[in-house]
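Student: Could you walk me through this one? I'd like to go residue by residue where that helps, and then step back to the chains.

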Amino acid sequence: MTTEYLLQIKNIVKDYSGNRVLKGVNINIKPGEIHGLVGENGAGKSTLMNILFGMPVIHNTGGYEGDIIIDGKVANPKTPREAMDLGIGMVHQEFMLIPGFTVTENIKLNREITKSNVISRVLGPKLETLDFKSMRKDSREALDKLGMDLDEREIVEGLPVGFMQFIEIAREIDKDNLKLLVFDEPTAVLAESEADTFLKVVKKLSDLGIAILFISHRLDEIIEVTDNITVLRDGEVVSYLKTKEANVNQIAELMVGRKLDNVNTIKKAREIENKDDYILELKNVSVDMPGERVKGLNLKVRRGEILGIGGLGGQGKIGIANGIMGLYKTTGEIIKDGKKLPLNQPKEVLDAGIAFVTEDRRGVGLLLENSIEENIAISALQIKDRFIKKLAGMNIMAKKEIREYALKMIEELDIRCTGPRQLTGQLSGGNQQKVCIARALTLEPDIIMVSEPTRGIDVGAKKIVLDLLKKLNEELGMTVIITSSELAELRSISDRIAIIFEGKLEGILEPDASDVDFGLMMAGEYGKGEVS
Amino acid sequence: MEDIKKLIQRVGYPRLIIGGFLLILCIFAAVLSIPMPALISDILTRFGMNGILVLAMVPAIQAGVGLNFALPLGIVCGLVGALVSIEFELAGFAGLIVSILIAIPLATIVGYFYGLMLNRIKGQEMTVGNYVGFSAVSGMCIFWLLAPFKSPELIWAVGGSGLRVTVSLESSIGYVLDNFLTFNIAGIQIPTGLLLFFALCCLVVWIFGRTKSGVIMRAAGANEKFATATGINVNKQRVIGVILSTVLGAIGIIVYSQSFGFLQLYNAPLYSAMPAVAAVLIGGASINKVKISHVIVGTFLFQALLVVSLPVLNVLAEGNMSEVIRTIVQNGIIIYALTRKTGGEVA
């Protein structure tokens, strides 16, 4: 059987322990086609790529249904090695290059050209001499194809990032059988001029007959470079478009979509009495959190509101709360109630009445080998000297008081456990999250910052956690700052939603603003649209 | 069947194996008609004399610096304390108390600086600690030679300067704790004072674990990122843990020496951390989690094994077999514990 398609992804279904992340995805790509793949975080893009590459994580979690068909033959690669043999190449987001090796050595790594010599004849091919001359020649050819004016004998270390990206591409196209090349967010690390050159190279590659699967959050790029676009949302292909007929707004709307179900209804705008009463102001704040850098953010938070912070992964939204807490190196000015907060000093921030529920529950949020009651009590014990009784001049932990309080919290927040002595490491994600929130509440803060509160927890627990935050806000007047990758969730509980793009505030939207606006802002296209 | 499985899990394989080994040795001892009361007296004494050195591991593990392989740092402080009290011709309880009172501030200072150093090499505390211990012992060899002690009890019999390799405590603090309230029951000599003092130290460490400082120190040791996010100064807590550990090491060696009857100087403290480390690990501690019960169980099993294996193996196998077996068990246990999942989550 022959087809005109090089790659057919047919009806792929994938579950992660009962959680269906891909629900029957179909994608077809012809030779020489540049195919764009867009979608929000969690739409299933990375899972799909992992399947395409036969990554172990897929097969360790029970495999998948459906077929990967290459050149009309069912391929279903089970290891990355098999995928490579099938002619699938990938340019990684983070560079997989050895800094101390030359360009040639990196391009030819593990595929070296060798000549036999006296020793290798005796002891086997592992000891053959490297044929540097032909290796250089091959590398030169690959670099020339990319239009790269770079000496192939140069050491990789110290080259600009853009060059490294091209070396990775050169390595892939140097493989003789390369048919399909996947780019995962290739321009994320490039400067603008580098990105332009890069896009030209991508076009050049497709002229060579290589099919390209292009994943990007930058919608203008997608429009510029691709032939066809597939939009993924919640594990489903929601649309397949010809690029000629598409525009940025349309894609943005498709990407975000409106996901209405019983958990996520859009919150009605609510009258805030004093709109200019700001409890927290950030001025030119930068946070050096790897992968989530904030670069000069200005943001004001109203007293008594629920402020949502959204944006795509890696744009810096997670860095904001971590920066305010002082967990990563932070510069700029943070003002609470008219007073400057000291930077990089978590204790002072906690003293000032700001509590934080981290996005990294297991790593930062909990003492996994300690009991629920200790986890709930410890912050207040440290910051507020609560749960302490004096005994012969010593501050002894008041076990009874802690036990009573923990029991109360367990009941109020509906923490499902065998009792306050259970270790938090044994709890489910949702219940761990409740313990984290309970600990933050014990501090009786004015502002509670919650990052990714529903990540990795099931739908029922999600609703409980979100309702809890709403209740805190309405009944106790606590200001809530919620950071989340799930826009629908933010729209269901926030009064205002700040969208972060490239470490800066792109804009603030009401929860009932249109999908187009949200989509554009998340892709950093909002401002540009207004200008043109 | 389920219950048995649960029991095995609770007790843990290392303790079952060592305990089983100990039981077999005891049966052999009975068969070979080695006098039991003497063995039991021996076990009790060795249990008490080593207990505090093992207890010294607790604050270090709790504070997150792992097993304190630099125990010799505390030990040399304790030795200096004891030497000074002998120099002033103090004896009995006065000598013991003065030794401890001199040793504590010394150990605090040493522990403080050692703690600062450990904060710069996070993640390699145990490797570095080992060599810090070795270096300190070697460095102190020079000190023992040059120290201006004058008492004839302390310096070489031929005169001149420099301390003896072993100093007898017969006329000073020897056996003061062992003989305090001691009594004899069915031929077993109970070193009451020694055991009481060990119990007291355990109690102090246990109570400290329940104070605010103790709770916070344990949190810092359990999860550094968590502690930072809770506004805890992790480095300070680590220094506190190291100081406490060093102080306990100093007290531990004084108690050990009074029971042993001699102060051992020069190279004697070189490997002194190893038995303590092994004991606490046998007891069930890991490099990031420890309870007082681990100290008590571990010290007992480890010392009992040594005491019983010695006469048994000497009868069964000619020569020095018991020493060889002891070394294999001790180091085997250390290897076993260090290769267990470190810093892991029990998911």
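**A working chat about the two chains**

Tutor: R238(B) is found in helix α12 (residues 234-260) of chain B, where helices (H or I, at least four residues) and strands (E, at least two) are DSSP runs, numbered from the N terminus. This is a predicted model, in which local features need pLDDT of at least 70 and side-chain atom pairs count only at pLDDT 80 or more, while totals for chains, interfaces and linings use all residues. Residues are numbered from 1 along each chain as its sequence is written, chains are lettered from A and ligands numbered from 1 in the order in which they are written, and side-chain values use heavy atoms, with hydrogens and water left out.

Student: Is R238(B) buried or exposed?

Tutor: R238(B) counts as buried because its relative accessibility is 4%; buried means under 20% relative accessible area, exposed over 50%, and partly exposed in between (1.4 Å probe, protein chains only).

Student: And which residues does R238(B) touch?

Tutor: Not counting residues up to four places away in sequence, R238(B) touches A63(B), G64(B), V65(B), L118(B), N119(B), K122(B) and E125(B), with contact meaning heavy atoms within 4.5 Å.

Student: Switching to F21(B), where is that found?

Tutor: F21(B) is found in helix α2 (residues 13-31) of chain B, and it counts as partly exposed, because its relative accessibility is 33%. Leaving aside neighbours within four places in sequence, F21(B) is in contact with L305(B), I325(B) and V329(B).

Student: How many Å apart in space are F21(B) and S41(B)?

Tutor: C-alpha to C-alpha, F21(B) and S41(B) are 20 Å apart, and they are 20 residues apart in sequence.

Student: What about R326(B), which helix is that in?

Tutor: R326(B) lies in helix α15 (residues 321-339) of chain B, and with a relative accessible area of 23% it is partly exposed. The C-alpha atoms of R326(B) and Q124(B) are separated by 27 Å, the two residues being 202 apart along the chain.

Student: Staying with chain A, how many residues of helix α11 are buried?

Tutor: Nine of the nine residues of helix α11 (residues 317-325) of chain A are buried, so the helix is mostly covered; among them are K317(A), N322(A) and M325(A). Just after α11(A), G326(A) takes a positive phi of about 85 degrees.

Student: Stepping back, how many helices and strands are there in chain A?

Tutor: Chain A has 20 helices and 24 strands. The radius of gyration of chain A is 27 Å, close to the 24 Å that the globule rule gives for 532 residues, so chain A is as compact as a globular protein of that length; that radius is taken over C-alpha atoms, and the rule is 2.2 Å times the number of residues to the power 0.38.

Student: And chain B?

Tutor: Chain B has 15 helices and four strands, and its radius of gyration of 20 Å agrees with the value near 20 Å that a compact globule of 347 residues would have. Buried residues make up 53% of the 347 residues in chain B, and 54% of the 532 residues in chain A.

Student: How many residues of chain A are in contact with chain B?

Tutor: 30 residues of chain A are in contact with 22 residues of chain B. Chain A and chain B bury about 2200 Å² between them, 61% of it on carbon and sulfur atoms, buried area being the accessible area (1.4 Å probe) that two parts lose on being put together, summed over both. L367(A), E369(A) and Q382(A) supply 26% of the area that chain A buries against chain B, more than any other three residues.
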